[in-house]
Amino acid sequence: MERESEESKRQYVRVDGFFPVLWKSISAEQWEKEKEQFFQRRDIIPQQSWDVLGWLSQGVWESEGASESESRLDAALSGIYIRLDLILNLLVKKAVDPIYQTPPTLANISGAGLRFKVKEPFELGAFYELKMLLPILPIRLIRVLGKVVRVDEVIENGDRLFEVSFGFELISEEDRETIIHYTFKRQREILREKKSQE
C-alpha cells in the first residue's frame, strides 16, 4: 500500500520544460473508438531530419549520469539514427508524424497531465489526442488521450492567451514512466541552474 502511494506521488511531480507538443480534437463519437485502438498504434518515423543538435546547443539534451561529452555523443548518434530512419522512410514512401517538425513550446508536465498556453480557446471537458517529444535519450514519441480539465484566460505582453490543462485519460505505463523520468531529470537541471546563479 505504501509503495502504491509513492508511485502515485511520483506521477504528480510537475516541471516546466521546452518540447514539441501537438494536439487533435476527438469528438465524443470518436472517443470510444480511439480508446479501443489506442494500444494498437505504433510510433511513426520522422519525415525530415529533426534538429536534435539544435536542442543540444540549448543544453536540454542530457543522458542520465553522463558527462557533457558523453551527452553530446549520444545526441549526435540519435541524430544519425533519425536521419537513417528518414532515408528508409523515403525508400518505402511511408507517411510520417509531423511532431518531428514541430518547434518546442513551453509546457508544464507531470505523469498525470499537461498544461500549456495557446491562442485559441479550448472547451472544458473536451477530449484530445496529445503527442509530445521529450528532450531525453533515447528519443521517444509519447502519445496520450487527454481531457481538458481547466482553461484560464491570461494576458501576456498585451496578447490574450488561454492556459489549457489536460488530464491524461489514457497513457501507456511505459510512456508515463518516461514522463516521470523527464520530470525528475528536469528538476535536477533547474536546481543546477539555480546553484550556478548564486
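Tutor: Two strands count as paired if DSSP finds at least two bridges between them. Helices (H or I, at least four residues) and strands (E, at least two) are DSSP runs, numbered from the N terminus. This is a predicted model, where local features need pLDDT of at least 70 and side-chain atom pairs count only at pLDDT 80 or more, while totals for chains, interfaces and linings use all residues. Residues are numbered from 1 along each chain as its sequence is written, and side-chain values use heavy atoms, with hydrogens and water left out.

Student: OK. What order do the strands of the sheet have?

Tutor: Reading across, it goes S1-S3-S4-S7-S6-S5-S2. That makes an open sheet of seven strands, with antiparallel pairing. Strand S1 (15-19) and strand S2 (21-26) are the edge strands, and each pairs on one side only.

Student: How many bridges join S1 to S3?

Tutor: Five, with S3 being residues 105-109 and the two strands running antiparallel.

Student: Now the packing. Which residues touch the most other members in the largest nonpolar core?

Tutor: Phe 19, Ile 109, Leu 114 and Met 132 do, out of 25 residues in that core. Such a core is a set of buried Ala, Val, Leu, Ile, Met, Phe, Trp, Tyr and Cys residues joined through side-chain atoms within 4.5 Å. S1, S3, S4, S5, S6, S7 and H5 each supply at least two residues to this core, with the largest share, four residues, coming from S7.

Student: What is Ile 109 in contact with?

Tutor: Leaving aside neighbours within four places in sequence, the list for Ile 109 includes Val 13, Phe 19, Leu 114, Met 132, Ile 179 and Tyr 182. Contact means heavy atoms within 4.5 Å. There's also a second, separate core of six residues, with Ile 26, Trp 31, Phe 127 and Leu 145 among them.

Student: Switching to rings. How many aromatic pairs does the structure hold?

Tutor: Eight. Rings of Phe, Tyr and Trp (its six-membered ring) pair if their centres lie within 6.5 Å; planes under 30 degrees apart are stacked, over 60 edge-to-face and the rest tilted. Phe 122 and Phe 166 form an edge-to-face pair, 5.8 Å centre to centre with 90° between the planes. Phe 122 sits in the loop between strand S4 (113-118) and S5, and Phe 166 is in S7, so the pair ties together parts that are 44 residues apart in sequence.

Student: Is Phe 122 buried or exposed?

Tutor: Buried, at 8% relative accessibility, and Phe 166 is buried too, at 3%.

Student: What about Glu 174, buried or exposed?

Tutor: Exposed, at 53% relative accessibility. Glu 174 is in helix H5, and its C-alpha is separated by 9.4 Å from that of Ile 142, 32 residues apart along the chain.

Student: Last one. Which element has the lowest mean pLDDT?

Tutor: Helix H3 (residues 52-57), at 40, whereas S4 has the highest at 96. pLDDT is the predictor's confidence in each residue, from 0 to 100. The protein averages 77, and 66% of the residues score at least 70. Over residues 42-68 the pLDDT is below 50, though that stretch has 70 contacts in the model beyond near neighbours in sequence. Where pLDDT is low, the predicted coordinates should not be read in detail.

Methods. Buried < 20%, exposed > 50% of the residue type's maximum accessible area, 1.4 Å probe, protein only.
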